[in-house]
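Reader: I have a structure open and want to talk through its packing. Can we start with the core?

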Amino acid sequence: MSATGPLAGIKVVEFGQNLAGPYCGQILAFLGAEVVKVERPEGDDARKWGPPFVEGDATGFIALNRGKKSITCDLADPAQREALIERIGAADIFVHNLRADVPAKFGFDGPALTRRFPRLIYADLGAFGHAGPWKDRPGYEPIIQAVAGLISLNGDPTGPEARIGVSIIDLSTGMWTAIGVLAALARRTATGQGSLVNTSLFESGLMWASNHVAGWSVTGKMPPRQGTGHPSLTPYQAFECSDGPLMICPGNDRLWRKFAEALGHPEWPDEERFRTNVQRSERRELLLGMIADIMKEHPRAHWAAKLDALGVPNGPLNSVPQVMELAQVAALAMFVQPYAGSNALFHGLPLSIDGERAGGMEKAPKIGEHNGKA
């Protein structure tokens with residue numbers, strides 16, 4: 001957003017690296033805050049996570065650091081370290097996802113700074129959380145997905161175990177941190193008091209697994225991996241058509257009745273074996289096999305037309321190039337090309353306020369570009 005965005009006038013210091021911390025900072029920047037990114041003299045490691053590169057920086061780095069200023073700080077230098085602490089104290093918000101032992105080692109841990117600067121909102125984004133025997137343990141996204149049980153839950157049940165998506169833990173933790181920061185900012189407006197906000201990759205992983213935890217805690221059992229399906233709803237998954245898979249989600253008995261009508265079997269919902277979701281789930285393999293035999297007879301367009309006419313949610317399993325060809329994507333104008341001479345597309349936030357998307361043509365700063373200026 002522009003300098004008149006909802007967070008205009010809010011000053012943020014972000015000592016973020018890699019993905020999660022920088023994404024929190026970018027959310028705040030796109031909402032109008034002034035975000036000063038602090039980097040080691042050699043820069044954020046993610047600058048080198050390529051190819052591809054644009055103007056010398058990896059596209060993954062650019063994607064999460066647009067709209068910020070960059071300064072460098074050598075924490076081994078006492079003068080630079082004290083200058084950083086004073087800068088943090090003059091800001092509204094400090095966000096970091098440094099290794100757990102670094103802030104205390106260099107004198108800017110959360111308890112110390114929130115005592116020294118009572119109005120400061122201090123956001124500490126860790127790997128495994130701020131309490132417990134693993135609070136100082138380092139962790140990256142794939143490790144968190146493994147330890148939090150997510151890899152065991154996903155993918156084709158007949159194939160290798162699968163991760164749930166590139167960087168979903170990192171990005172969701174950045175979002176949770178931004179939510180916590182905004183809540184703390186609202187409370188400070190009312191009370192004048194800052195806050196210490198703690199988030200972690202592991203807690204985000206546990207949140208993504210929470211539905212499975214709830215089911216297991218009641219039944220003592222874990223459902224098999226579902227591929228595109230759902231552990232509790234039947235049918236609710238992709239079915240192979242003659243030209244590829246179509247995701248179909250009749251998420252209640254009313255939609256199930258309409259889906260059965262589209263399949264040419266309006267009698268199924270009235271049969272005792274398929275009347276309710278519980279009954280359908282008890283006969284999951286039978287019912288899914290019956291549906292699959294019918295779906296494969298026609299292409300996706302045939303089924304989509306029938307399902308759309310009846311109001312049954314559905315959609316093809318697209319590749320990224322196919323996604324970018326959709327008229328709906330073009331209409332939302334979520335992606336921009338901020339770099340002249342490059343076709344690289346970068347995102348705005350998936351939200352608009354008063355019709356204006358948060359995030360536009362901002363670029364990412366170069367290492368230390370704003371030393372002595374910010």
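Author: A term before that: a nonpolar core is a set of buried Ala, Val, Leu, Ile, Met, Phe, Trp, Tyr and Cys residues joined through side-chain atoms within 4.5 Å. Keep in mind that this is a predicted model.

Reader: Fine. How many residues has the largest nonpolar core, and which have the most contacts inside it?

Author: The largest nonpolar core has 25 residues, and Val12 and Leu28 have the most contacts inside it. At least two residues each come from helix 1 (20-30), strand 6 (93-96), strand 7 (121-126) and helix 7 (168-191). Helix 1 gives the largest share, six residues.

Reader: What does Val12 touch?

Author: Leaving out residues up to four places away in sequence, Val12 touches Leu28, Ala33, Glu34, Val35, Val36, Ile93 and Val95. Another core, of 20 residues, lies apart from the largest one; among its members are Cys73, Leu98, Phe117 and Tyr122.

Reader: Back to helix 7. Is Asp170 buried or exposed?

Author: Asp170, which is in helix 7, counts as buried because its relative accessibility is 11%, and the cut-off for buried is under 20%.

Reader: Different topic. In what order do the three strands of the open sheet run?

Author: The order is 9-10-11, with antiparallel pairing. On average, neighbouring strands are turned by 30 degrees against each other, direction ignored.

Reader: How many bridges join strand 9 and strand 10?

Author: Five bridges, in the antiparallel sense. Gln237 stands opposite Ile248 in strand 10.

Reader: And which helix packs on the sheet?

Author: Helix 12 (residues 284-295), which touches strand 9 and strand 10; its direction makes about 40 degrees with that of strand 9.

Reader: Now the rings. How many aromatic pairs are there?

Author: The count comes to nine aromatic pairs. Phe128 and Trp134 have ring centres 5.2 Å apart and planes at 80 degrees, so that pair is edge-to-face. Phe128 is buried at 5% relative accessibility, whereas Trp134 is partly exposed at 37%.

Reader: What lies over the face of Trp134?

Author: Arg137, at 4.4 Å from the ring centre. Arg137 also lies over the face of Phe128, at 5.9 Å from that ring's centre.

Reader: Which residues do ring pairs link into a cluster?

Author: Phe239, Trp256, Phe259, Trp268 and Phe274.

Key: Residues numbered from 1 in each chain as written. Predicted model: local features only at pLDDT ≥ 70, side-chain atom pairs only at ≥ 80, totals over all residues. Heavy atoms only, no water. Buried < 20%, exposed > 50% of the residue type's maximum accessible area, 1.4 Å probe, protein only. Helix = DSSP H or I, 4+ residues; strand = E, 2+ residues; numbered from the N terminus. Contact = heavy atoms within 4.5 Å. Pairing = 2+ DSSP bridges. Axes fitted to C-alpha atoms, helices over the stretch in contact; angles between N-to-C directions. Phe/Tyr/Trp six-rings, centres within 6.5 Å; stacked < 30°, edge-to-face > 60°. Lys NZ or Arg CZ within 6 Å of the ring centre and 35° of its normal.
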